[in-house]
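Subject: Structure for your review

Dear colleague,

Please find below the structure that I am handing over to you. My notes on it follow directly after.

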Amino acid sequence: MNSGRRFAIRSTSGLSITKDERFCAIAIIKRLFPKVAKQIIDRDLKHTSWPSTAYIAAIPWLVKVAEFGKTQDLAQSYAEQVLIRAPGSRGERQTRIPKLSSLKGARRTGDFLNLDGNFFQRNAISNEKVTPLEELLPEQSDEQSRRELLKQLGKICAEVGEKPSAYYALLLMD
């Protein structure tokens with residue numbers, strides 16, 4: 001291995017790291033490893049972004065929403081409302097999860113499957129630091145916009161009969 005060897009990250013542009021962000025080990029590896037992969041494993045990575053934890057946890061729910069006919073219009077409408085308030089929230093458009101890729105290709109839910117994973121989590125939507133809204137409708141405050149998004153997300157959850165999980169676990173055994 002490369003013990004004792006130091007790897008410099010020459011550029012952190014595009015990482016979207018703010019001064020008050022704190023990362024666990026996995027999160028910082030996901031964020032920075034593509035920048036040093038060539039130095040470490042002598043290979044450029046095809047994937048330069050990885051799905052967020054919130055998005056991964058919500059995948060089974062996202063599949064149900066996208067496949068269930070009654071929720072497709074609700075999902076599309078929700079995505080439109082999110083994108084009005086947070087135009088930069090298409091954080092998962094690069095996600096290459098096979099089942100979701102085929103559903104994204106069908107476009108039955110608009111940009112719903114491309115939304116940042118935080119927009120599927122009620123606690124994240126309620127927290128302005130975790131999920132900032134960039135634009136507000138003229139007649140709505142930030143709090144009212146968040147309540148409206150939560151209400152629309154609640155309709156989707158009620159129609160599907162469950163809410164997205166905020167957690168997931170991976171188990172590898174030999």
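Helices here are DSSP runs of H or I with at least four residues, numbered from the N terminus. In this sense, Ile56 is found in helix α2. Please bear in mind throughout that the model is a predicted one.

Overall architecture

The protein chain has 6 helices and 0 strands, and from the N terminus on its elements run α-α-α-α-α-α. Of its 174 residues, 34% count as buried. Among contacts between residues at least 6 apart in sequence, 67% join residues at least 24 apart.

The pair α3 and α6

Two packed helices are described by the angle between their axes and the distance between the axes. For helix α3 (residues 69–85) and helix α6 (residues 142–160), the axes come within 10 Å and cross at roughly 165°. Since angles over 145 degrees count as roughly antiparallel, α3 and α6 are therefore roughly antiparallel to each other. The crossing in which α3 passes α6 is left-handed. On the α3 side, the contact is made by Lys70, Thr71, Leu74, Ala75, Ser77, Tyr78, Gln81, Val82 and Arg85; α6 contributes Ser145, Glu148, Leu149, Gln152, Leu153, Lys155, Ile156, Glu159 and Val160. By class, this contact of α3 with α6 has 8 nonpolar, 5 polar and 5 charged residues.

Helix α3 itself

At 1.5 Å a residue, the 17 residues of α3 should span 24 Å, and the 26 Å between its end C-alpha atoms agrees with this. The buried residues of α3 are Thr71, Gln72, Ala75, Tyr78, Ala79, Gln81, Val82, Leu83 and Arg85. These buried residues pack against α2 (53–67), α5 (122–126) and α6.

Two individual residues

Asp111 lies in the loop between α4 (98–106) and α5. Is Asp111 buried or exposed? Its relative accessible area is 17%, so Asp111 is buried. Leaving aside residues up to four places away in sequence, Asp111 touches Ala79, Leu83 and Arg90.

Ile56, in α2, has a relative accessibility of 24% and so counts as partly exposed. With residues up to four places away in sequence again left out, Ile56 touches Pro51, Ile97 and Tyr168. Ile56 and Ile97 are 41 residues apart in sequence, while their C-alpha atoms are 9.5 Å apart in space.

With kind regards

Conventions. Residues numbered from 1 in each chain as written. Predicted model: local features only at pLDDT ≥ 70, side-chain atom pairs only at ≥ 80, totals over all residues. Heavy atoms only, no water. Axes fitted to C-alpha atoms, helices over the stretch in contact; angles between N-to-C directions. Helix = DSSP H or I, 4+ residues; strand = E, 2+ residues; numbered from the N terminus. Parallel < 35°, antiparallel > 145°, perpendicular 65-115°, else oblique. Left-handed = near helix turned anticlockwise from the far one by under 90°. Contact = heavy atoms within 4.5 Å. Nonpolar A, V, L, I, M, F, W, Y, C, P; charged D, E, K, R; others polar. Expected span 1.5 Å × (residues − 1). Buried < 20%, exposed > 50% of the residue type's maximum accessible area, 1.4 Å probe, protein only.
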